[in-house]
Every structure is written in structure tokens, then in C-alpha cells.
Amino acid sequence: MPTREIEFRDAIREAMSEEMRRDQRVFLIGEEVAEYNGAYKVSRGMLDEFGPRRIIDTPISESGFAGLAIGAAMYGLRPIVEFMSWSFSLVAADPILNNAPKMLFMSGGQFGCPIVFRGNNGAGGQLGSTHSWCVEALYSNVPGLKIAMPSNAYDAKGLMKTAIRDDDPVFFLESERLLSLKSDVPEEEYFIPFGKAAIRREGADVTLVSWGRPVLFCMEAAETLAKEGISCEVIDGRTIRPMDWETVFASVRKTNCCVVVDQSWSFASPGSEVAAQVSQHCFDDLDHPVLRVHSDDVPAPYAQNLEQEMLPNPRKICEAVRKVTYRL
Amino acid sequence: MQAYQDKKIGGFCHVYIGQEAVAVGCVAALEPRDPLVTAYRDHGHALARGMHPKHCMAEMFGKIGGCAKGKGGSMHMFDKANNLFGGHGIVGAQCPLGAGLAFATKYQDEVINSGKSDCVTLCFLGDGALNQGALHEAMNLAGLLDLPVIYVVENNGYSMGTAIERGTTMAHKITSKAVGYGIEGLEVNGMDVVDVYVAMKDLIDRCRATSRPAFVDMRTYRYKGHSMSDPRKYRGREEEERYEVEDPIGKLEKLVKDKNYATPAEIEAIYDGVKTLVRESIAWADASPVPSLDELYHDVYVEKWGPYTGTSLPQMLTEKP
Amino acid sequence: MPISLTMPRLSDTMEVGTVIKWNVKEGDKVRSGDVLADIETDKATMEMQCFDDGTMAKIVVEAGRQVKVGTLIAMIAAKGEDPATITIPSGTAATGPVAPAAAPAATTEDADETGGRLRVSPVARRMAEDAGIDPRSIKGSGPGGRVIKRDVQAASTNVQSARTPIDTATPLALTRPQVVAMKPPTPTTPASPVAPLALGAPQGRVVALSNMRQTIARRLVESKQTIPHYQVTMRFAMDELVNQRTKLNDALAPYGVKLSVNDFLVRACALAMARNPYFNASFAGDHVVVHGEVNIGIAISLPEDRGGGLVVGVIQSADQKSLRQIAQESKYLADKARSKGLTIDEMNGATFTISNLGMYGVEHFTAIINPPNSAILACGAAVEQPVVRNHQIVAGWEMQATLSLDHRVIDGAMAAEYLRTLKELIEKPAMLLV
């Protein structure tokens, strides 16, 4: 299959555009998505192709337009809602948590909500604490929604196409820090199913589980650790809900050690969920309790050195791996 | 109400008694294809839209025969066949949904079918929702995007226990709120079903043609408390009695009698018929079984979701590709 | 701070001790190096040395009393302290050792529990069970003495070599025929796996394998499948070694020491490592680890009532040991393996292995490498046969030895080099003395 190197943001745009060409019910709505060409240029050019009826600029009114999109989804359209940052989704918390994931259940299966919410998630750009939310920990708790968190352009396109075709509400967590990263993406159409993790690096001594940007931190740490003779297996979960448990468990049974790397705060996070599941289902295969590496339990700071220290950076990952493999 | 007191209905139950003219008049002015969405005081709207009382009753009883298989309850009446989009518990949450439904019908008519927008969405809310941000964001969007949605405020003067003057600015003229968004406002006597119908028919036709939003201050009154647990200490008995004289059903009955649209015997038969229907519905709902435990995991996702209580794995039960 | 003196552990197996005699009394000044007391242990009476300067303040346990190792027996006042003010801390009857300076608070999750409870990680427990090893016999390297995967792997590596057995327990019976009878040796019966000739029909049955045997089986397959084996054979003229051996054994007889041919081979192989370090190495992916110590593993067969199979006893630092020491250690390991069983230390860390089927008359065979070694030497019997010496055909003693090698670490030329070194050491055994 011929491939070309494109940026993460282009991959997402391609996914949205392909789906919009195919299905007229799909439309994009959000702040600055149309005439501004996207606050982060993800939707560049889409207004020209699809027109203002399908690429819709909204006022700054997250609660309003998220609710509007959900109402449209109930009727049968397939909206893609862009939050300029997932930090702003908190303003729309009621519709996205109380309406979207619960509609199918409360209506006894009559009205679904085939909607995709997408936007930038995570810290690392010195944006200050109100703009640096990692919402996966907040929203993973809710049944009825799905969460996808790609770490590279190839995954971004495949997961986005699956998200748009999925009949359930999907929270698609991108990252401002990843938008410019390039990878090889096929020209032909492809999908990546939810609940299927990818093994980014094979190894024998420890299993690292992560999603999104922290996967890149894991890969960096794995390089460092390889020089110390520790061989890491890096698993990119790709989706948090649903989670590919089989791949994780098979890996832990092989390596007998597990470290989960999650950029959200540690208390009651997706990282703790993985740790709990691994501890339960791989109990007899563990050589050391499962360790987690999270962002420090503080609001995201502005100062660059503090922010870099706060993140689940490769240094912290290496420390955890050394602990878990008893190579202190 | 009786059923609630018999503990057949659990949780919250917000009865519509006294406001019937609003639902009946409005729905009569709508076409079946027009979407309707409302808040949690939704029994009237459900019945008016065409839901059989037995499904409504069964839903409140929490039985599988309910319109939402017993999983929604009194506050969440949904009826896809009759274009009833709920039944929503959070005050004001249905307002953006209403805008979204209008958006969707217009999109379907104009973008997908390349025609002209031909639907109107009715979004009901209480006067309490006037203070929620969601309504204002929705009105702003509706005005901006020319959405054919009519916000019908069932203004019964109370948000739970708070009289409207205590909670809302411009309480004496709430249509001024719509004017602020460039939206036409209308005041209607909600205690007379004919008044309601005449006013709404005209408004709905106009909105259908112009694809513009509208706002209606529907003056009405609820005879009972906000919900079953409300002892109504915030108002006096005289006030309630005053409004009971205005009872919309009584008014309609009087109108029918005066104009000889039906004989007293026919009217009697109607009442009897309704009583029978209600009794049958209760019996049917009683007989309807409770949802199977399996039902707990249906409709969480479109695919079948696996049982997860914390000791097993949260995962889809369908085969993965 | 007053110094607490506890009953010291003066031997590895000591659990209790008795002060036979105190050499100091309360009030005496003591200096580092002084012998404070004579202590009787399970093995001998030993001297208890003082490690601090100060004054003997309190004698807690009188002479003649037997107490557990670690019990407080005396208190010394440090320099500048008044011995009279020293009081015996309450709870001195405790049998545990006196607590050392507070452990660093860094590792919060590994706070030490009291009570000596066995701490094993779940996977280590399972692996130990599979290998037939009691986790209590494994020294744990994890926090708080936790036994972890790595510890069990190390322990089971040495249990798992399926070498053909060397019966080193009866050197006389095995090797004397080689010297005296001038005939190929006949196999001795007890440890021999060769069944007596049966006259009836064979009886089919199912024999369950012990965990150890299953693990041996698994390890053997793994070795054969992952290591690219190849073999190199050389013959050695054994005449001089055989003679040397007889002479030495005569001289050593009064001391109860008997050297076997295998002991010579062990030393020869060990010495050869210095010139051929890759034979003492392990393959590790993108690099080779050359080991600093030369630890020679010898295979010991176990009788059926001990579970059958075999263990590999390890002679640590064999290149530093004399023939006499090697002989004594071999015998000790074989005896212990067949009675009490070997400890992990005794089975641990072989860097090269020797397998000897000579006593069964086998002339030539090839062995399977014992991972993580890179080579193994399979020795046959020394056979008297016609040989050519100085262009003449004479009767001489010859032995064939075959190396099995890991081609990732050792190539043919290196193997030939090693065998040449060995040849020099074996054919001129005087070289083993220097």
C-alpha cells in the first residue's frame, strides 16, 4: 500500500473529509472551524470544500453548541464537535455527560447519539492550568461513551474514521503537542477498530502501557533503558474505552512486570484502572506490584521547567521501570 | 398520583395537572413529523403526542412494557414513532437539544434533500429554566443560525418553591428575554385550550415558513406541587382555588356543552371511556413484568456491553474484527 | 551511644551459642581487636572479637548460659560515656538481632515487616514450584528479602542441566580399574541408569515426571533450539596423567584424599580459561558477557529415592583451587547432593560445565550446553589401545573429549585453540601444578 508522510492534523482532516464526502449526515461544528480554518488548522480548507452549511462556526458557547449537536444526533445526523481544547469541555459537561452517553439507555434504545467530540487534550505547551486539562480521568468513568486517544498520525486517521462511523458518542482526545508530528499514512482508506491496542516496541523485561502523547515518552524511556540492559515492551492502548485487555495481559504474562504511564492525575485515573485490572487478572504472573507514572498531583504550572517536571516524563518512567525490575 | 402513593411509582413524579391545555393545544397545532422535546413534566406531552397510556404508566412503574423499557422513568418519556424526543431531567438541558433538533430537520430538508426547511421543533420548558445558561446559549444559536424552534415556556409562576418574581428578572414580561436575542415573543393564555391552539397554529405556520425561532410565554398553573413530595407551603390555598376555577378541562367541557358539539351523554361516555382506559392501563402496567437483569447492560452502547461491576473486565461482548 | 553486644553468628549454621569464658569484666577498658570472650558454637569454640573502643559497662549474659544468636550479651560504654549510667534496654530477651541504624526512608513501599515471613512474588512462587525448588531455600534479592523471578531463575539454571551423570562418590571403584586392570572400566551398579538385562517382556506403563524433570526437559529443548550448537573433538594422550595420578594418590593416602581423573580435567579446563576467555562467557543479544570468575559445573546423578535426575554442583573459582581442593569439593558436593541436597549457592553460577561418561565405557559423545554457558566438555573413557608414539605402534592410554559450543560466541578456530591449551595441560599434567 503506498503511503505518504503527513502530519497528525492532516490525518484528522483527511478522516473527517473522507467521511463527510461519503455521508451527508456528517458535519463539523465548533469555534473557528470554518472561516478561521481551525484554531489549530486541523480543519483547514474544509469550508471551501463543504460550505458553511456543513462546516459551522459557533459563538463561544460550548454548552449550547454541544447540546445542539446532541439534539441533531438524536434526530439522526452525525455531528463532529470540535472543542478548541478539552479544557473547555468542562463548560459543556452537562450535555456531554448527562445527555450524550445516556440517551440510548434512558430512551430504552430508541434514540442513540452517533456524535464525535474532539479537541486538544493535555499539558505541555505552557498554557497554564485552566487550559491544560487531561480529561481522560474525568470522563473514562462514565459508561455509554467511548474514548480514543491516538499517539500518531496513522492511528489518528484510522481511529477518527471509526469514531465517525460509530453509533455511540466518542470522545476523541488529540494533543496540541502531537499535531505537527508526521508519520506514514496510506493513501487508501483504512480503519482502526476500537479496543485493539498496538505494540509499539517488543520487549522481554517489562510491559509499559500508555495512550496518546505519553506513548512517545515511553518509547524514549525504552531507548534509555535498553542501554542499561532492560528490554521494554511498549503497548499503545489507542482507546481507553473500550480497552484492549487481552494484549496487555498477554504482555504482562510474558514480562512479569508492568508500569502504566498516564498523563492525567493519579487518583482514580485510567492508569489506576489498568493497574487494578492487571493486578487482578495477572496476579500470579507478577514479579512486582504494578506501578503507575502520572502527572504530579498539582495544577499544571506555567513555568516551562515546572511543567516538564510535572509531566510523566521519560525520567520518571525509567525510575519506575528500574524499580519494577529490581534494577535500582 | 394514586399509583405513586401506592408506591408503584418511585423516585420523582411531576404531574401535569392543570397544564393540560398547553400540551394538547400545542400538539394539535403540530404536524406529526415535527419534533417535540420537553423537560421532566412530560406525561401530558407524551399522551398528547399519541403514546398509549399503558406504556406511559408502565414506564412510571418501571416495567419492561414502558416506553423506555422501564429504564427512563417518569422524567424520561421517549417515543420515536411519535417524534417525542424526551423527557429530560436537568433543568434547561433540553433547550440546546431543541435547537439541535431544529438544526437537524433544517439540515435534512435543505442540505441533504436540497429542499426547503419544512419542520418546526417545539421545545417546552418551565419558567425555572429561564435562568439556566443553556437556554440563553440555545436562543443565541437559534437566532444566529435561523433555526425553526419555538421555545414554549410553560409559565406556571413557580420554579419548585420559588415564585418567578424571586428568581427571574423581568418576571412580568419574560418575552423581553427573547427580544434580546432577536427572537419574536408571544404571550398566550395557557389555561384555555382553544386560545392555545389558535395562537400556536398561527405561530407554528409562520415559523415553518420563515424558518425563524420564536418564544412563547404560556401563562398556566399547576394545581399540585412541583412534584409528589412538595407540600406547597410556598403559596396559599386561596390562590390554588382561584386557578382551579380556571381549570382547562372544565372550560373545554363547558365550551362543548355550550356549543352543542356533543351531547351530555356523549361527554359522559368520554369521561367513562377515559376512566376505563386509565384503569386498563394501570392493570396492564401492573401485569407488565419488570425488566430482566440482562436489560441492565442493553442500550449502554449500541453493541452489547459486558457486565462490569469492578471485578470483571469492562469490554464489549461483540466479536472484534 | 552505648554499644550493644549480641551473641555473634560465628558459623553459617550456628543458631545458639554459649559464652564459655568472659575475658573482661565490668569496668575494664576494651579496645578494638581485643578478644572479649570464648564462645562455643555448634562446631567449635571461637573467639569473640571486640570492634569498638570503650569500657565494658554491663555483662548481660553470664558464662555458661546458652542463648540464641542475636541475643544481647553485654553493653559497652563508648568513649566519654559513664559506664555506670548504662542500663540494659528493656526487652533484651529478644531473639532478633539488635536493630541497626534506621533504614533510609526512600523506599516507602518496601517497609520491612517483622517476623521473618516468606516474601515471594507471585510469579516467582509459581516458577519455584514448577522447578521443584522450595522458595524458602532461595535467597531473595528483592526488597525485604523478597524472592523474585531472577532469584528463582538463577536457582533453577543449575538444577536444570541434563548432563550425563558423573558418579564422583566412588572414585576408587570407578577409576582404579583404569590404572590397575589395564582394561576398559566396567560400569558400577548403584547410580548407573543402565538396567540389568531383563529376560521377560517389557512392561508398558506411564511414569509421571517430577517438576524438576519437567523443567529439565523444557530447559534442554530451549537450549537446543536457541543455541547454535556445533562440536569439536580431540584426543588426549593420558599416559602421563594416569601415572601422575597414581603417584599423587599414594602420597595423599595418609590424608584421606583421593584424586580422580575428573579432578584433573576440572583444573585443566579452569586454567585454560585464562588464555581462552570466551569459553567462560555468555551470549547476551548484542553483546557477550565474559565472566570474571571461573566456576566449573560438574554433573551429579541423584538416586531414585532422592527424586532421580541430576544436579550440577559448582566448584567456584576452580582456577584458584588446587587438585586436592577440587577433589575434596567434588566429593563433598556429590555426598551432599545425595543426602541433604545442595544449597542454591552450591548449585549457582557455573560458567562452564564438564560431563564425564568415562566410567561407563563410553568413548565419545556430545553434550548439550547448559545455558547461559557457551560451552560444555564431554569426556569419554581413557582406553588403552594401540597408538603411534615416535613412529612406533605401542599400547597407550587415549581419551576423547568433545566440546559442544555456542557458535554465536565461539568459532571453530577458538575451539581448536582451547583444545590445544587443554591438550598441553592434560598431556603434561605437571603444568597443573604451576
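This is a predicted model: local features need pLDDT of at least 70, side-chain atom pairs count only at pLDDT 80 or more; totals for chains, interfaces and linings use all residues.
The largest share of the lining of the second largest pocket comes from α12(B), which gives ten residues.

The elements with two or more residues in the lining are α1 (2–5), α2 (20–28), α3 (43–49), α4 (53–61), α11 (248–259) and α12 (264–287) of that chain. What classes of residue make up the lining? There are 28 nonpolar residues, four polar ones and six charged ones.

Next, chain A against chain B. Here 53 residues of chain A are in contact with 55 residues of chain B. Between them the two chains bury about 4500 Å², and carbon and sulfur atoms give 64% of that area. Which residues of chain A lose the most area to chain B? They are A:Leu68, A:Tyr75 and A:Phe105, and together they account for 17% of what the chain A side buries.

As for the polar side of this contact, chains A and B have 18 residue pairs in polar contact, counting pairs with both residues at pLDDT 80 or more. On the side of chain A that touches chain B, two or more residues come from each of β2 (26–30), α3 (62–75), α4 (93–99), α5 (103–106), α9 (245–255) and α10 (270–281) of chain A. Of these, α3(A) gives the most, with eleven residues. By class, that side of chain A has 25 nonpolar, 17 polar and eleven charged residues.

Chains A and B also share two salt bridges. In one salt bridge, the side chain of A:Lys146 meets that of B:Glu303, at 2.6 Å from N to O. In general, side chains of opposite charge can pair when their charged atoms come close.

Now chain C against chain A. How many residues does each chain give to this contact? Chain C gives twelve and chain A gives 13. The area buried between these two chains is about 1100 Å², with 45% of it on carbon and sulfur atoms. The count of salt bridges between chain C and chain A is one. That salt bridge joins the side chains of C:Arg126 and A:Asp285, at 2.5 Å from N to O.

On the chain C side, the elements giving two or more residues are α1 (122–131) and α2 (149–159). The most comes from α1(C), with four residues. The residues on that side divide into five nonpolar, two polar and five charged.

Last, the salt bridges as a whole. Over all chains, the structure holds 61 of them. One lies within chain A, where the side chains of A:Arg22 and A:Glu19 meet at 3.9 Å from N to O. How far apart are these two residues along their helix? They are three residues apart in helix α1 (residues 8–22) of chain A, so about one helical turn separates A:Arg22 from A:Glu19.

Terms used. Residues are numbered from 1 along each chain as its sequence is written. Chains are lettered from A and ligands numbered from 1 in the order in which they are written. Side-chain values use heavy atoms; hydrogens and water are left out. Contact means heavy atoms within 4.5 Å. Buried area is the accessible area (1.4 Å probe) that two parts lose on being put together, summed over both. A salt bridge is a side-chain nitrogen of Lys or Arg within 4 Å of a carboxyl oxygen of Asp or Glu. Ala, Val, Leu, Ile, Met, Phe, Trp, Tyr, Cys and Pro count as nonpolar, Asp, Glu, Lys and Arg as charged, and the others, Gly among them, as polar. A polar contact is a pair of N or O atoms within 3.5 Å; within protein, one must be able to donate a hydrogen and the other to accept it, and residues adjacent in sequence count only if both atoms are side-chain atoms.
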